[in-house]
There are 2 protein chains.
Amino acid sequence: MSEPLAEDTFRERIRARLLAAAREVLSNEGLAALQARRLARDAACSVGTLYNIFGDIDGLILAVNQVTLRALGEALEAAARNASSRNLGERLMALARAYLAYACAHPKSWRAVFAHRLPDGVLLPHFYAADRSRLLALIEAELVAAITEPLHRRVAAHALFSAVHGIVQLSLDEKLVDFDAGQCERQMRFIVEHVAAGLTEDASRATPSDAIWAGD
Amino acid sequence: MSEPLAEDTFRERIRARLLAAAREVLSNEGLAALQARRLARDAACSVGTLYNIFGDIDGLILAVNQVTLRALGEALEAAARNASSRNLGERLMALARAYLAYACAHPKSWRAVFAHRLPDGVLLPHFYAADRSRLLALIEAELVAAITEPLHRRVAAHALFSAVHGIVQLSLDEKLVDFDAGQCERQMRFIVEHVAAGLTEDASRATPSDAIWAGD
């Protein structure tokens with residue numbers, strides 16, 4: 001019984017070395033630098049071993065992106081905890097600010113989560129989708145009191161995540177103007193505070209605004 | 001005097017051929033396929049001529065992206081004209097829907113505008129920045145009555161553009177769930193209608209909400 005265990009441990013150790021090498025290369029040089037031969041060399045194993053463990057380079061990239069998603073999730077959870085006693089607008093802004101801070105601190109790793117595309121027809125592994133859902137669940141949790149219908153709450157969480165993501169991404173890419181953290185925060189606040197104000201109103205009217213959910 | 005004119009015409013004709021070749025390759029194969037040697041071959045000129053006209057491959061990519069920005073701008077202008085008699089929320093939604101429709105109809109060209117990055121230290125040419133500003137001006141025009149302070153209006157236009165862009169991009173990238181145009185539109189509506197409702201209120205209170213502009 002000891003042989004397979006030892007092999008598992010060996011495999012786990014190489015897996016961890018490959019992941020560490022990939023994270024290092026990613027954070028310094030970006031997604032395009034994640035090449036199988038180079039990572040195998042950095043982790044002192046063969047390319048065959050890399051493929052054996054991760055299936056292909058996309059499998060390794062997904063594993064690295066999963067580490068990023070989890071770290072991002074932890075940063076957002078900490079922000080949500082710190083803001084838990086505040087009102088909806090302030091709680092959503094705390095999440096948005098934590099998102100911007102994470103993206104600024106780990107730009108290449110953060111970018112890789114969104115830039116990496118699986119080959120056509122390859123499905124996203126279940127574990128990855130689950131980590132992604134956990135991020136959205138953090139926003140949904142803040143909206144429980146304001147939006148009682150679960151499907152509407154999910155749409156709202158997606159919309160807020162994507163809106164803040166768009167503001168952070170175009171700001172960091174300097175696609176509209178030079179990056180300015182204050183401008184970026186003002187843009188996030190413009191969206192978040194209006195949505196929070198609207199939701200608080202919706203809740204006091206007991207039903208969400210018809211204009212928003214018409215056509216569901 | 002006729003010689004230089006003839007040369008200009010010749011240059012213009014090759015420029016147009018290179019642009020047409022680049023647009024064709026971009027819309028079929030995406031940004032990564034825009035390689036100098038191939039485009040020169042497609043346009044029946046030398047690589048030296050391509051560099052002579054556009055400076056480098058980035059210059060040619062910027063010129064192609066400028067064509068995309070202008071076409072996108074025309075699509076948004078048409079949507080704004082068609083919705084001009086409607087209320088703020090409906091006008092902003094018409095712009096958002098036109099943006100989604102453009103991205104769906106020309107996914108690779110649209111993506112290239114945001115994916116292309118100039119080498120570090122290279123400034124964006126003035127003509128390109130001007131075309132980009134024209135897109136934002138379309139949103140600002142809709143906000144004139146609701147936000148009288150020009151700097152606030154600019155922040156709001158940036159925020160709305162980036163929010164809708166983020167929703168469209170993550171939806172088309174299937175980064176959160178499989179693409180579903182109805183879901184994408186519901187997410188845009190969630191943001192846009194709340195902002196429009198909030199702005200109409202702000203305007204009736206005569207001063208924008210302090211929570212949103214605090215810290216300017």
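Trainee: At what angle do helix H5 and helix H6 of chain A pack?
Mentor: This is a predicted model, and in it H5(A) covers residues 88-105 while H6(A) covers residues 107-115. Their axes lie 5 Å apart, and the packing angle is about 110°. Because angles from 65 to 115 degrees count in that class, H5(A) is roughly perpendicular to H6(A), the angle asked for being about 110°.

Trainee: How many helices and strands does chain A have?
Mentor: Read along the sequence, chain A follows the pattern α-α-α-α-α-α-α-α-α-α. The tally of its elements is accordingly 10 helices and 0 strands.

Trainee: What share of the residues of chain A count as buried?
Mentor: The accessible surface of chain A comes to about 10600 Å², with 53% of that area belonging to carbon and sulfur atoms. Among contacts with a separation of 6 or more, 66% join residues 24 or more positions apart. Of the 216 residues, the share that count as buried is 50%.

Trainee: What is the mean pLDDT of chain A?
Mentor: For the complex, the predictor gives an ipTM of 0.87 and a pTM of 0.88. In chain A, 88% of the residues reach a pLDDT of 70 or more, and the mean is 88.

How values were computed: Residues are numbered from 1 along each chain as its sequence is written. Chains are lettered from A and ligands numbered from 1 in the order in which they are written. This is a predicted model: local features need pLDDT of at least 70, side-chain atom pairs count only at pLDDT 80 or more; totals for chains, interfaces and linings use all residues. Side-chain values use heavy atoms; hydrogens and water are left out. Axes are lines fitted to C-alpha atoms, for helices over the stretch in contact, and angles run from 0 to 180 degrees between N-to-C directions. Helices (H or I, at least four residues) and strands (E, at least two) are DSSP runs, numbered from the N terminus. Angles under 35 degrees count as roughly parallel, over 145 as roughly antiparallel, 65 to 115 as roughly perpendicular and the rest as oblique. pLDDT is the predictor's confidence in each residue, from 0 to 100. Buried means under 20% relative accessible area, exposed over 50%, partly exposed in between (1.4 Å probe, protein chains only). Contact means heavy atoms within 4.5 Å. Accessible areas come from the Shrake-Rupley method with a 1.4 Å probe; for residues, only the protein chains shown count as cover.
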